[in-house]
Amino acid sequence: METLLADAVARSPGETEFHQAVAEVAESLVPVIDRHPRYREQRILDRLIEPERVIMFRVPWVDDHGEIHVNRGYRIEMSSAIGPYKGGLRFHPSVYLGLLMFLAFEQVFKNALTTLPMGGGKGGSDFDPKGRSDLEVMRFCQSFMTELQRHIGPFTDVPAGDIGVGSREIGYLFGQYKRIRNEFSGVLTGKELEWGGSLIRPEATGYGTVYFAEEMLETRGEGIEGKTCLVSGSGNVAQYAVEKLIMLGAKPVTLSDSDGFVHDPDGIDDEKLQWVMDLKNVRRGRILEYAERFPRATYTPTIPEGRNRLWAVPADCAFPCATQNEISGDDAATLVANGVVLVAEGANMPTVPEGVDRFREAGVLYGPGKAANAGGVAVSGLEMSQDALRITWTREEVDLRLRGIMASIHRTCRETAEEYDAPGDYVVGANIAGFVKVAEAMLDQGIV
Ligand code: NDP
């Protein structure tokens, strides 16, 4: 494993998040590779950390003042062992190859856990949609898709949304794909209902994370009702995690964006959440405005490179739903000291490795992103099925399937962890179960 990690670092220098993700997975896989020598002989993990294909391209576009901008676009097609590449597109200034490599790598395992036939991929651009007009976003998306369209397709690679890519961006991307390819197909997920989307897809990641949390709590005879919950972020995942928490009788008390966080000691209720959804999705405002609108709430600005004080708010459960590495080792220690019983990751890799160790040592119920937030891609998989069959399932039907998938992921993680002498360890369970499914497919398909 040490050689493998050293190779990954040497071949992808500077891609720190990717190294972090590989290290975390590799550590869990030692017992399974010891037990199955063929995985080592066939160099399954060495093959898995090398993407099948990386596409990088220029994205030129013109702003509302006639100025020309040039961004960089990416698509990483990591593994197609169990289905077409599947994973979101992220538009954020922090996007670079290493960030997308980590996300694509994690996606392979996550998708394998969903029980659906989806390979792993990820893509995006360093374009920042914040502060851009709708027309600017449209021109950017059209330029991005003009290149991407030649590499994707409903049986090849099916992108979706992620940070900075919501239903507006998916609409513009889909429109351009359709125009160039002259084909109306399920090439993207996260589409609006009227043109091939699935009910519950916008809700799926947030709802799924809370369903997963319920499953974890149930193993200790507890429920989410009455629990005070910290939620970070205020985008798609955070909004629907809060919605489901409210529905189940929990009390979410925080939300954040990259500028700061709000703490509402009275709890965020339905009415306040509707206001947040309008603020973030329609008016595209900042979370600071919450504290201006609801005076009992306080706003704390982000201190660059400082501790994230959101995690110092006393609570029972934590749902990081913003971005990677948002919980440091110290933040995790604070959460543990404050008696948090559960951490369910709506975001991808939001906890640094030291923080993960703290949670595991303290016996916190810790649901890593690749298991806890898999509901989003799972319903994307259901959207692909509905597109292919040209039918639409009801809200209840999709929600029921989502619940079933989250319960199945939870069961698989627990059973696998048990089998490998790490009872209750969801990191070990998720990594091994996801890996074995992909590894077996790779053995069947030969050295490709
Ligand atoms: P959105 O763009 O809708 O929301 C992202 C939220 O996180 C915003 O509130 C944003 O604040 C905040 N945020 C982004 N970057 C940073 C940063 N560097 N520091 C602090 N806050 C930040 O994205 P999603 O809700 O879709 O995604 C959130 C997380 O969930 C990501 O990790 C994503 O990979 C993961 N995820 C998403 C899925 C989905 O279906 N959408 C599926 C599975 C995982 P600001 O407005 O200031 O940028």
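**Stop one: a threonine and its partners**

Select Thr334 and show what lies within 4.5 Å: leaving aside neighbours within four places in sequence, Thr334 is in contact with Arg307, Trp311 and Ala312. Keep in mind throughout that this is a predicted model. Thr334 sits in helix H12, residues 329-337. Is Thr334 buried or exposed? Its relative accessible area is 18%, and the cut-off for buried is under 20%, so Thr334 counts as buried. The side chain of Thr334 reaches the backbone oxygen of Asp330 at 2.9 Å.

**Stop two: helix H6**

Select residues 134-148, which form helix H6. Check the length with a distance between the end C-alpha atoms. They are 21 Å apart. At 1.5 Å a residue, the 15 residues should span 21 Å, so the two values agree.

Next, colour the buried residues of H6: Glu136, Val137, Phe140, Cys141, Ser143, Phe144, Met145 and Leu148. What covers them? Show strands S1 (53-62), S2 (68-79), S3 (85-91), S4 (120-125) and S5 (157-160), which are part of the cover. Helix H7 (167-181) is included too.

**Stop three: the cysteines**

Stay on H6 and pick Cys141, one of its buried residues. Its relative accessible area is 0%. Then jump to Cys413. That residue is also buried, with a relative accessible area of 0%.

A disulfide is a covalent bond between the sulfur atoms of two cysteines. How many disulfides does the structure hold? The count is zero.

**Stop four: helix H15**

Select residues 375-389, helix H15. The 15 residues should span 21 Å at 1.5 Å a residue, and the end C-alpha atoms are 21 Å apart, which agrees.

H15 is mostly covered, with 12 of its 15 residues buried. Among them are Gly375, Gly376, Val377, Ala378, Val379 and Ser380. Further along, the buried residues include Gly381, Leu382, Glu383, Met384, Gln386 and Asp387.

Bring in the surroundings. The cover over the buried residues of H15 includes strands S3 and S5. It also includes helices H5 (97-113), H8 (201-218) and H16 (395-419).

Finish by stepping just past H15 to Arg390. There the backbone takes a positive phi of about 55°.

Conventions:
Residues numbered from 1 in each chain as written. Predicted model: local features only at pLDDT ≥ 70, side-chain atom pairs only at ≥ 80, totals over all residues. Heavy atoms only, no water. Helix = DSSP H or I, 4+ residues; strand = E, 2+ residues; numbered from the N terminus. Expected span 1.5 Å × (residues − 1). Buried < 20%, exposed > 50% of the residue type's maximum accessible area, 1.4 Å probe, protein only. Contact = heavy atoms within 4.5 Å. Disulfide = S-S within 2.5 Å. Polar contact = N/O pair within 3.5 Å; in protein donor to acceptor, adjacent residues only side chain to side chain.
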